[in-house]
Amino acid sequence: MSEPLLSIENLQVKFSRSEDEVYAVNNVSFAIHENEALGIVGESGSGKSVTLMSSIGLIRENGKITSGKALFQGKDLLKLRPKQLEDIRGRDIGVVFQDPMTSLNPIMRIGDQIMEAMLTHQYASRKEAFNRTIQLLQEIGIPDPHSRFKSYPHEFSGGMRQRIMIAIALACEPQLLIADEPTTALDVTVQMQILALLQDLRRKRGMSVVIVTHDFGLATNFCDKIIVMYGGQIMEAASTDMFIREATHPYSIGLKASIIEVGNKGKEISPIPGAARTLTEAPTGCPFAERCPFKTERCLNEVPELRAFGIDHYIACHHAEEVASYAV
Amino acid sequence: MPSNALLQVENVSKTFRVQGKKLHAVENVSFTLEAGKTLGIVGESGSGKSTLGRMVLRLIESDKGKIIFDGMDLSRIGKKDLRALRQNMQIIFQDPRASLNPRMSVGDAIEDAMAIHKIGTKASRRARVVELLSRVGLPDEVQYAYPHELSGGQLQRVGIARALSLNPKLIICDEPVSALDVSIQVQVIQLLRELQEEFNLTYIFISHNLAVVEYLSDEIAVLYLGEVVEQAPADELFEKPTHPYTQVLLNSILKIPEAPENKQEMHSIQGEIPSPLSPPSGCTFHPRCPFAMDICTTAKPEKKTVSEGHHATCHLVN
């Protein structure tokens, strides 16, 4: 397999709170290759967003990356100075956030915001940047781009604002697009429009995309690979096809069995008992153990390593073999 | 009207004035709901689904139409009777954090409604609080906790306990699980279903999530820009979605595929939800409808019967 585009190795992130520390990301490693769509899936507090955002140097003030590497084109992003990092972010790596209203500048015309992305990175001259902006607006489905260039963010709907965010992220033709819950705030029909747009752009440009989402339906339909996170750790990582056929981690199985989907009427649903906890100490066992039907002594005392469990399939569970035989 | 109908809503409408313009939030909506059943109301932003829920409780007054609850015409009764009647109708909100007083302990919040309605003694009310907490799956100590000490899922259970405190007949559930994580959503939905059976509760379940609505509802109304575009028994709606908007909604749901070859293509519908301040002419869905004909741009479609109990407001239905 070719060199990965971005490779995260043993990432560890902590947040300090007034009285304690939160172990948000614990020893996470994964890679994204060229022309690949990866979905990082998990519930709130699973560490999915923090993992991805901190690997490109975006982290809240009270957060700290305590160890790990994020290798992009041979450079460790976590060792770069802020200025160098900003150079890469926005040019080689585009970023789309959940809420476009808080990430767009409310008092700047949207056309200027798209142009700015190209000008700051000296990607294009003013004239080229203007022409490209018009082209981009067209490409992302904003009608009448010449006049809309001059509009301000509040003059657009939520879906249109998300399109503009995407245009900014794509302005310098990045090789990698990172999107944190890009459609969560949108209505379902609009969500579908944004996903169709992203898929189309990805195919046309041969760009890689990482989507962070809580929505397993979205991830399994949109992405080539899936990473399932829980308690700041990767529980299962697999090609989507493998995940659909043979998800094996008890958490993945539990979720798949309990998500209510259309066509489930009358089906008995069995919720996963309990709720996720915030880790305020370094993990000493499997974070899912207390909710897991397969839990043993070992699960409480030994952190399961993410290990190969088949082709394109990795799992962090001491009892994966047993779970797999039980599932069949 | 069927003899066991608990709630009958007839042609209710609500118009708000916004920026000097008229906003038709809810237009001519009618439905009948039997005791112990669930009506699901589905729609996207601006569809009027929350306004409709609040109109049933008279938290928002309707401009016209009739709401008959338990044999009484709500629009004709005075404030005092309404208050008594409200014991029988409760609401659960989407954001339990925002709907609980941050300075009131959870126990006090649950007791509050009983105290307002002067039910029982302080001691009997406290006993009831503990009983309710246990019924929604929370330990006794939670009564002393404050909202910020609880998780979203726990808070929603508190919201449910509070709604149950007055032994209501009807509960309006306004997006009660939308803010919760999937594994917690399922727990809350299962709880709502158990409670319905146990206490013969009647629900109006408002959500943008069709899967959850299908799971809980006996009957479903699909709202678009304040109007019911399709209404049918839940099974029927999913087997035979007739209004193009219902079809689009169903196609917009991404399910975990059963097999890799069943992955869905991202195919999108044109246009966005128009501003309710300037709704399109004719059928309000026509600018986005894949089947729009000339007549759709000019004439408002009427409610047509697809089969018994199944209605769609679309020119395509004969």
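**Questions on a predicted two-chain model**

Trainee: Which residues does A:Ala167 touch, not counting residues up to four places away in sequence?

Mentor: This is a predicted model, in which local features need pLDDT of at least 70, side-chain atom pairs count only at pLDDT 80 or more, and totals for chains, interfaces and linings use all residues. Residues are numbered from 1 along each chain as its sequence is written, while chains are lettered from A and ligands numbered from 1 in the order in which they are written. Two residues are in contact if their C-beta atoms, placed from the backbone, lie within 7 Å. With residues up to four places away set aside, A:Ala167 touches A:Ile114, A:Leu136, A:Leu137 and A:Ile140.

Trainee: Which residues have the most contacts inside the largest nonpolar core?

Mentor: A nonpolar core is a set of buried Ala, Val, Leu, Ile, Met, Phe, Trp, Tyr and Cys residues joined through C-beta atoms within 7 Å, and a residue is buried if 20 or more other C-beta atoms lie within 10 Å of its own, exposed if 12 or fewer, and partly exposed in between. The largest such core has 181 residues, and those with the most contacts inside it are A:Ala167, A:Ile227 and B:Val222.

Trainee: Which helix of chain A supplies the largest share of the side that touches chain B?

Mentor: The contact takes 37 residues from chain A and 40 residues from chain B. Helices (H or I, at least four residues) and strands (E, at least two) are DSSP runs, numbered from the N terminus. On the side of chain A that touches chain B, H8 (188-205), H9 (216-222), H10 (240-246) and H11 (250-258) each supply at least two residues. The largest share of that side, nine residues, comes from H8(A).

Trainee: Why does the radius of gyration of chain B agree with a compact globule?

Mentor: The radius of gyration is taken over C-alpha atoms, and the globule rule is 2.2 Å times the number of residues to the power 0.38. Because chain B has 318 residues, a compact globule would have a radius near 20 Å, and this agrees with the value for chain B, 21 Å.

Trainee: In what order do the eight strands of the open sheet in chain B stand?

Mentor: Chain B holds 11 helices and 12 strands, and two strands pair if DSSP finds at least two bridges between them. Eight strands form an open sheet with mixed pairing, in the order E6-E7-E8-E3-E9-E10-E12-E11.

Trainee: Which residue in the turn between E11(B) and E12(B) has a positive phi?

Mentor: E11 (residues 303-307) and E12 (residues 310-313) of chain B run antiparallel and are joined by four bridges, with B:His310 as the bridge partner of B:Ser307. The two strands form a hairpin with two residues between them, and the turn residue with a positive phi, about 80 degrees, is B:Gly309.

Trainee: What angle does the direction of H1(B) make with that of E8(B)?

Mentor: H1 (residues 49-56) of chain B is mostly covered, with eight of its eight residues buried. In the sheet, five bridges join E3 (residues 38-42) to E8 (residues 202-207), two strands of chain B that run parallel. H1(B) packs on this sheet, touching E3, E7 (170-174), E8 and E9 (219-224) of chain B. Axes are lines fitted to C-alpha atoms, for helices over the stretch in contact, and angles run from 0 to 180 degrees between N-to-C directions; for H1(B) and E8(B) the angle is about 155 degrees.
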